[in-house]
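Take a look at the protein chain below. This report walks through its helices, its charged pairs and its surface.

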Amino acid sequence: MTTSCYGDHWRNLRRISTIEIFSSSRLNSFWRIRRDEIKRLLCKLAQYDNQLTEKIVEMKSLLSSLTFNIIINEN
């Protein structure tokens, strides 16, 4: 969609993405997956809390992993 020129094709892609991908019913249908992945992330953080003497955790990789797992599980 980002590489398409504005026109009929672009409008069709926009309509499909709005109705099929980003609709609230479609997003709500995957709330269990998002909830489970967030629980896993929180469990990992709790394990880090028990293991580390210093309380510095690199969140970038954890959040990237969370996002990746949610995307993979939804498809």
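Predicted model: local features only at pLDDT ≥ 70, side-chain atom pairs only at ≥ 80, totals over all residues.

## What counts as a salt bridge

A salt bridge is a side-chain nitrogen of Lys or Arg within 4 Å of a carboxyl oxygen of Asp or Glu.

## The overall plan

How many helices does the protein chain have, and how many strands? There are four helices and zero strands. Read from the N terminus, the elements run α-α-α-α.

The protein chain has 75 residues, and 13% of them are buried. Its accessible surface comes to about 6,400 Å². Carbon and sulfur atoms account for 58% of that surface. Now take the contacts between residues at least 6 apart in sequence. Of these, 39% join residues at least 24 apart.

Glu37 sits in helix α3, which covers residues 31-51. Is Glu37 buried or exposed? Its relative accessible area is 5%. Buried means under 20%, so Glu37 is buried.

Which residues does Glu37 touch, leaving aside those up to four places away in sequence? They are Leu66, Asn69, Ile70 and Asn73. With Asn69 there is also a polar contact, side chain to side chain, at 3.4 Å. A second polar contact joins the side chain of Glu37 to the side chain of Arg40, at 2.8 Å.

Glu37 is buried at 5%. Arg40 counts as exposed, because its relative accessibility is 53% and the cut-off for exposed is over 50%.

## The other salt bridges

The count of salt bridges comes to three. One of them joins the side chains of Asp8 and Arg11, with 2.4 Å from N to O. Asp8 and Arg11 are three residues apart in helix α1, so they too are separated by about one helical turn. Asp8 is exposed, with a relative accessible area of 61%. Arg11 counts as partly exposed, at 39%.

Another salt bridge joins the side chains of Asp36 and Arg35. Here the N to O distance is 3.5 Å. Asp36 has a relative accessibility of 33% and counts as partly exposed. Arg35 is partly exposed as well, with a relative accessible area of 35%.

## A nonpolar patch on the surface

Which residues form a nonpolar patch on the surface? They are Phe68, Ile71 and Ile72. Together these three have about 310 Å² of accessible area.

Phe68 belongs to helix α4, which spans residues 59-74. Is Phe68 buried or exposed? Phe68 is exposed, because its relative accessible area of 52% is over the 50% cut-off.

## Two residues in loops

Ser23 lies in the loop between α1 (8-21) and α2 (24-28). Ser23 has a relative accessible area of 15%, which means that it is buried. The side chain of Ser23 has a polar atom 3.2 Å from the backbone oxygen of Ile19.

Val57 lies in another place: the loop between α3 and α4. What does its accessibility say? At 28%, Val57 counts as partly exposed. Val57 and Leu45 are twelve residues apart in sequence. In space, their C-alpha atoms are 8.1 Å apart.

## Recap

Start with the helices: the protein chain has four. Next, look for the pair Asp8 and Arg11, and the pair Asp36 and Arg35. Finish at the surface, where Phe68, Ile71 and Ile72 form the nonpolar patch.

Conventions: Residues numbered from 1 in each chain as written. Heavy atoms only, no water. Patch = residues over 30% accessible without salt bridge, like charges linked within 9 Å, V, L, I, M, F, W, Y side chains within 5 Å. Areas by Shrake-Rupley, 256 points an atom, 1.4 Å probe, with all protein chains shown as cover. Buried < 20%, exposed > 50% of the residue type's maximum accessible area, 1.4 Å probe, protein only. Polar contact = N/O pair within 3.5 Å; in protein donor to acceptor, adjacent residues only side chain to side chain. Contact = heavy atoms within 4.5 Å.
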